[in-house]
Amino acid sequence: MNITTKTIKSLFKPYLTVKNGYKGGKGVSQKKEGQKTYKLSSNENPIGTSPLAINAIKEAIKDLHLYPDTTDIRLREALEVYYNRELTKDQFICAASGSEIIDLTIRAFVKEGDEVIVSTPCFVPYKMFSRWSGANVIDVPLFENGYSLNVEGILKSVTEKTRIVFLTSPNNPTGSYISKQELKYLLSELPQDIVVVFDEVYWHFANAEDYTIAKSYIAKYPNLIAINSFSKTYGLASLRVGYAYMNVDVAAYLRQICKPFLITKLSLEGAIASLKDAVFIQKTVETIHSEKIFLEVEFEKLGIQFYPTQANFYLITPPIPSNEFVQFLVEEGIAVRPVDNFGATGKVRITIGTREANIALIKALNKLKLISLN
Ligand SMILES: *Cc1c(COP(=O)(O)O)cnc(C)c1O
């Protein structure tokens, strides 16, 4: 190592030099002439994007040479309407993706040496971004049986250094959820100076009777922040836009560190238009629910072990080692997601696709079964 490099490296923050690069869900390239490929690896919307959003984006293209709005105020106004004014525009913050808001929240509340609590298997950014702030990540794993939340375990893990508890419902990559009773209990028992991040980006797909979003608890708990995204249900993953809602004072605090011009013109117009497209959202949710029924019947016939889901994907225990399983499906033109890095060792996450994609998946699984039997 030469002198200059050594000197500059002495400035590196140790907690930023750990390798924790995030790998997104991969696509597959065509293996055979004429083979169709399917991406079931990133929980994207199988029916695409809201037509209203696409029109708004096309319309916005003529203004690409201009800076977008300085702030997110128009999107916040649209969100207030979307939530029937049960939340006000001042309770929202918007940013370039749900992940960005997770990062923003961590930067706003966590400093070196603080602790955050996660429950693995969980969405990787909670851990990754917390470490970027020099925090220690305390894991209170979900119960192995059914992946429910270890509520008492979380309460016991709280110390005077705890700053954030991350909750996800429905959870990625397990598809499990937190019941209304569990959330209520946790909120009432946790000290009020701990931020509770409630990530509900898959909420549209949940239909369990005791499922809840965070909305009804916001008024009572100023330490509660609900994370949402336009990437999944709204079919706008590529535009990177998300939002959160919370207590007014907390929103004002977070808004101070929202960068100007953060949300692109296309993202802003697309998001605002998609909030008005109830027809598209309903169609999306109906597609997921009917494809769930189709897939579960087929999984059962095939003897595929899957976990019940409240989201638009399944966590499964593959019949052969997960790396071989993923590779086999790649050869068949289907991309799925190994989730060892989420904390679900040996398991695979499969996004619910269109009927055509799901049929291709089932065909491939049948082929695998036949090969294994021989
Ligand atoms: C996809 C996802 C997000 C947000 O995704 P963005 O594309 O960054 O908006 C947040 N939380 C969970 C659990 C997710 O699966």
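Reader: Hi! What should I know about the model before we start?
Author: It is predicted, so local features need pLDDT of at least 70 and side-chain atom pairs count only at pLDDT 80 or more, while totals for chains, interfaces and linings use all residues. Residues are numbered from 1 along each chain as its sequence is written, and side-chain values use heavy atoms, with hydrogens and water left out.

Reader: Great. Is arginine 349 buried or exposed?
Author: Arginine 349 is buried (under 20% relative accessible area, 1.4 Å probe, protein chains only).

Reader: And what is the nearest side chain of opposite charge?
Author: That is glutamate 44, 8.3 Å away, and arginine 349 has no salt bridge (a side-chain nitrogen of Lys or Arg within 4 Å of a carboxyl oxygen of Asp or Glu).

Reader: What does the side chain of arginine 349 reach, then?
Author: The backbone oxygen of serine 41, at 2.8 Å. The arginine 349 side chain also makes a polar contact with the side chain of asparagine 172 at 2.7 Å (N or O atoms within 3.5 Å, within protein one able to donate a hydrogen and the other to accept it, and residues adjacent in sequence counting only if both atoms are side-chain atoms).

Reader: Switching to the ligand: how far is its oxygen atom from the side chain of asparagine 172?
Author: An oxygen atom of the ligand is 2.8 Å from an N or O atom in that asparagine 172 side chain. For serine 99 the distance is 2.5 Å, and for serine 231 it is 2.6 Å.

Reader: Nice! How much of the ligand does the protein bury?
Author: The protein buries 94% of the 380 Å² that the ligand exposes when taken alone (Shrake-Rupley method, 1.4 Å probe).

Notes:
Buried means under 20% relative accessible area, exposed over 50%, partly exposed in between (1.4 Å probe, protein chains only). Lys and Arg count as positive and Asp and Glu as negative; His and the chain ends are not counted.
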